[in-house]
Amino acid sequence: MRNLLEVENLVVHFDTDGGLVEVLDDVNFTMRAGETLGLVGESGSGKSVSAIAVLGMIRRPGRILAGSIRFEGIDLLRLSEDEMRRYRGRRIAMIPQRYRTALNPVISAGRLISRLFEIHEGCSRAAASRRALELLDLVGVADPPRCMQQYPHQLSGGMCQRVMIAMALATSPRLLIADEPTTGLDVSIAARILELLRDLSKRTGTAILLITHDLGVVAQTCQRVAVMHAGQLVETAPVRELFRSPAHPYTRALVRSIPRIDVEVKLEPVPGTIPSLRHPPTGCRYRNRCPHAMEICQHDKPRQAAVGLDHEVSCFAFGEHCDAAA
Amino acid sequence: MSFLFFVVRRLALLAPTLFGVSVIGFLLAYLLPGNPALVKAGPMATPQYVAEMKHKMGLDQPVYVQYKRYVTGLLHGDLGESSSTGRPVLVDFMQRLPATLELTVASLLLALLLGVPMGVLCAIHRDTVIDHFGRVFCVAGVAMPSFWSGLILIYVFFYLFGIAPAPLGRLGPGISPPVPITGLYTVDSLVSGNWRAFESSLAHLALPSLTLAISVIAPLTRMVRAAMLETLETDYIKAAWAFGLPRWLVIYGDALHNAIIPVVTALGVVFGFLMAGNAVVESVFGWPGIGNYAVKALMLKDPGPIQSFVLFVALMCIMVNLLVDLVYSLADPRIRIG
Amino acid sequence: MTIDIARAAYADAPAATDTAFASFRRRLLRNKLSCVAFCTIVLLVVIAILAPWIAPFDPNEPDANAVLQPPSWAHVLGTDAYGRDELSRIITASRVDLLVPFVSTLLALLIGSLIGALSGFRGGWVDQIVMRIVDAVMAFPAFVLAMGLTAAIGSSITNLILVIAVTQVPVYLRQLRAEMLREREMEYAQAAQTVGNPTWRIVFIHLFPNCFTPLIVQATLAMGYAVLTLAALSYIGLGIQPPDSEWGEMISEGASLMVTGQWWLSLFPGIAILVTVLIFNLVGDGLRDLLDPRMRGK
């Protein structure tokens, strides 16, 4: 079965006032149709940039230096702006990070959703309105007709997020990118939103790329996980596998830093801080924080090596340079 | 409900300002040079008659009593008399007000028609040739005295090219004004199908309104540009792109709708600039409005009209600003619904 | 989103090349136009000071043989209805057209800042009354108010300076008051953590450096406005009276002649006004770009 999304060797740089920032360095990951992939990392690891790249929305001062993003077999980076626009909001949709401010304050919630139908599918105004209503119901809004008339500033955080999800789902995209969908939400509401996403994915067969810094969210919602660090993708694995036997030192540190209710465990924060992306360390970017750093980590970039079923890691401790990994 | 509350609150806040404006207006009139009693009494009057006249006009009363008379007079529409026309100032005003209104409205429309698209274009093509050209145009427009640009326009279009009519008023010689409905010659002649009058009044309106418009386009364009730039950077516009909305809708629909809201508040200020420039532009083009009237009266040593003009303009600006605030609150659902 | 990533990425790593001076110099060079404008201001001032010696002819001396002559080698900018040389008149007029705006702007700045700072510091009903007065004054468009005032108190040079200053005072007043309120809040917040009230001395000492730049920027931009106001007042006959030369007044003299083709009489004084206002605006804009964000960041 062909993969839905194949990101290969993606390199993205930003030309800022302070200098060149190498935001993404040779990122590789894939997604299958209908699966939920969690993209995890600390802030600044390049997760959101990867998502924006998939949507073809990297703009000045950012630029894509190399790589390909194949969606249903077609390299999106080779498409013209017009062609790419036909994908956005239709076959690939994104729920932006700051959902509150991502809603146009002068347009009602109902109109925000219904006009997507009018634009992408040529519906009549009445039909679009009806479908918007159904969609609001689908995403679990309590009083859809009322919500339709309301403006974003009248909606609660949870409702904003649901409206955002409704907008993203309007045209039944094959891929939904959710950027930190639970930030700023009450814990119980966050749980409900995640459940909603899971449900919708199952029901509509939409693949979800879930971007988050919270491993807990990943555990609840995703089938597979990809871990990013400082613009490099370090490990991908099925969720259970990742928590059970994390391979990469960074992943291990992340997993170790999660508090647990059931067992008394010493909490260890991840050592060090994210390296500057303006003058990134050569070779493996984790080497300055890594307890197992070797000579080769300084000048060579680690390649992906398989360590289990569907489990790949980019670390010199695995693969040909297999060393004892504690 | 919150909208009504908003309106009431705005009106209440006006009270001290109106009071202050009336005081300033009174002070201006009070400080007028010359002896109004003498003027009214006439050149042949005896000193005794002048003193009587002075008493009758209440000019020997203490200041606050005179102020009270002034305000009472205002509320009854008594703005004094013009010694040059011999008529009550209010009557003269009312006769000439439509001309000023026509000029102001035409200039405002022209400024919007030219300024808003230019601001949008400059924002979209930021830092390109278009943007620089726009910026130069704005900077130059702000630095040009309006009376000068008016004269240049007259020279070029009337004297050199001969396509503009002589700057002698609102209509060409021999053409009588159309049926008075609004007092705006262009509108009236259009509505009553009087094509000769329409053509003539429009031709005469062109240069003065262009002159006045140029003097206010600069701040307008700059504001639109700044508002658009800010709006184009917002999360909801970025989201609009992400949802694949067509370019025209994102820029001229979503973005402009939001960007225009702060610009609407600026319209009040723009109107103030227009009213300020009126007096001068009317003088240049011989436009028979209230500004020209006030200035001409001053030349004839009749200072009453100019004080009334100043007060009148202030009141009009206050009214327009209030209107603008109301429109603004209607346009922005965050205020309307609250 | 994308910019946040970039910012987060370089937040903790100091750049080797990015000292404060380097970035200042970079922006200074970017504003070449403002530098040119500034030099032009200096040139103008020099011309104004040296006017009596630079002007080729006596600006007030009529010459019946050279009436209404277009620009020529003898009279570079032409002559007026009395045969007076335009160029000399323009040069001489620069004195008034620079002096009056300058003094009135300075006056407005000093008075407005003082009242604004005091009012903001005092607070209470004094502050409220001052703000109401300011509101009332600002309800009049500035030029219209200037017209009324000049008509009331007369158009001697002193009066004109006063009038233009009065219409400008509210701007500085509000600006300084806002700064003062901001400053006061900061100081009181700090004092609340220690003991005692901050004296007015501390507050004012802190106030001065913070508001210096915005004031300078505002004053530079206001110069342009003052020049335009003076010219407009003179045009409608409320300002500088003939035979004293002033650019706006000269344009007025030439106005009726525009329709008969004597374009030079109104054109050149207008260009003088345009250039003067332009360079002040450019310098003001340049100063704002250069200094303001840095001052705010302190």
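**Three chains, one predicted model**

Let's start inside chain A. Thirteen residues of domain 1 of chain A, written 13 in the count, are in contact with twelve residues of domain 2 of chain A. On the domain 1 side, helix α7 (residues 187-204) of chain A gives the largest share, four residues. By class, that side of domain 1 has eight nonpolar, four polar and one charged residues.

Keep in mind that this is a predicted model. The scores are ipTM 0.84 and pTM 0.79.

Now, where do the two domains of chain A run? The assignment gives domain 1 as 5-91 + 171-325. Domain 2 is 102-170. So much for the bounds. How far apart are the C-alpha centres of domain 1 and domain 2 of chain A? They lie 30 Å apart.

Stay with α7 of chain A for a moment. Look at helix α6 (residues 157-169) of chain A beside α7(A). Their axes come within 10 Å and cross at roughly 15°. That angle is under 35 degrees, so α6(A) is roughly parallel to α7(A). The crossing of α6(A) past α7(A) is right-handed.

Which residues make this contact? From α6(A), take G158(A), Q161(A), I165(A) and L169(A). From α7(A), take I189(A), I193(A), L196(A) and L200(A). By class, that contact has six nonpolar, two polar and no charged residues. If you have the structure open, find I165(A) on α6(A) and I193(A) on α7(A); both belong to this contact.

Next, chain B. Its secondary structure comes to 14 helices and zero strands. Along its principal axes, the C-alpha trace of chain B spans about 85 × 55 × 40 Å.

How confident is the predictor about chain B? The mean pLDDT is 84. Of the residues in chain B, 95% reach 70 or more. Where is confidence lowest in chain B, and where is it highest? The lowest is helix α2 (residues 36-41) of chain B, at a mean of 64. The highest is helix α5 (residues 89-124) of chain B, at 91.

That helix α5(B) also packs on another helix. Two packed helices are described by the angle between their axes and the distance between the axes. For α5(B) and α9(B), the axes come within 5 Å and cross at roughly 35°. The crossing is right-handed. By class, the contact of α5(B) with α9(B) has 22 nonpolar, five polar and two charged residues.

Now follow α9(B), residues 195-232, to its other partner here, helix α11 (residues 247-285) of chain B. The two axes come within 8 Å and cross at roughly 160°. That is over 145 degrees, so α9(B) is roughly antiparallel to α11(B). This crossing is right-handed too. The contact divides into 21 nonpolar, five polar and no charged residues.

On to the contact of chain B with chain C. How many residues does each chain give? Chain C gives 40 residues, and chain B gives 41. On the chain C side, the elements with two or more residues are α6 (124-138), α7 (142-153), α9 (200-235), α10 (247-258) and α11 (264-297) of chain C. Of these, α7(C) gives the most, ten residues. By class, the chain C side has 29 nonpolar, nine polar and two charged residues.

Last, confidence in chain C. Its mean pLDDT is 81. In chain C, 83% of residues reach 70 or more. Helix α1 (residues 2-10) of chain C has the lowest mean of its elements, 37. Helix α5 (residues 86-122) of chain C has the highest, 90. Over residues 1-18 of chain C the pLDDT is below 50. Beyond near neighbours in sequence, that stretch still has 39 contacts in the model.

To recap. In chain A, α7(A) gives four residues to the domain 1 side and runs roughly parallel to α6(A). In chain B, α9(B) crosses both α5(B) and α11(B) with right-handed geometry. In chain C, α7(C) gives ten residues to the side that touches chain B.

Conventions:
Residues are numbered from 1 along each chain as its sequence is written. Chains are lettered from A and ligands numbered from 1 in the order in which they are written. This is a predicted model: local features need pLDDT of at least 70, side-chain atom pairs count only at pLDDT 80 or more; totals for chains, interfaces and linings use all residues. Domain bounds come from an automatic or database domain assignment. Two residues are in contact if their C-beta atoms, placed from the backbone, lie within 7 Å. Ala, Val, Leu, Ile, Met, Phe, Trp, Tyr, Cys and Pro count as nonpolar, Asp, Glu, Lys and Arg as charged, and the others, Gly among them, as polar. pLDDT is the predictor's confidence in each residue, from 0 to 100. Axes are lines fitted to C-alpha atoms, for helices over the stretch in contact, and angles run from 0 to 180 degrees between N-to-C directions. Angles under 35 degrees count as roughly parallel, over 145 as roughly antiparallel, 65 to 115 as roughly perpendicular and the rest as oblique. A crossing is left-handed if the near helix is turned anticlockwise from the far one by less than a right angle, and right-handed if clockwise.
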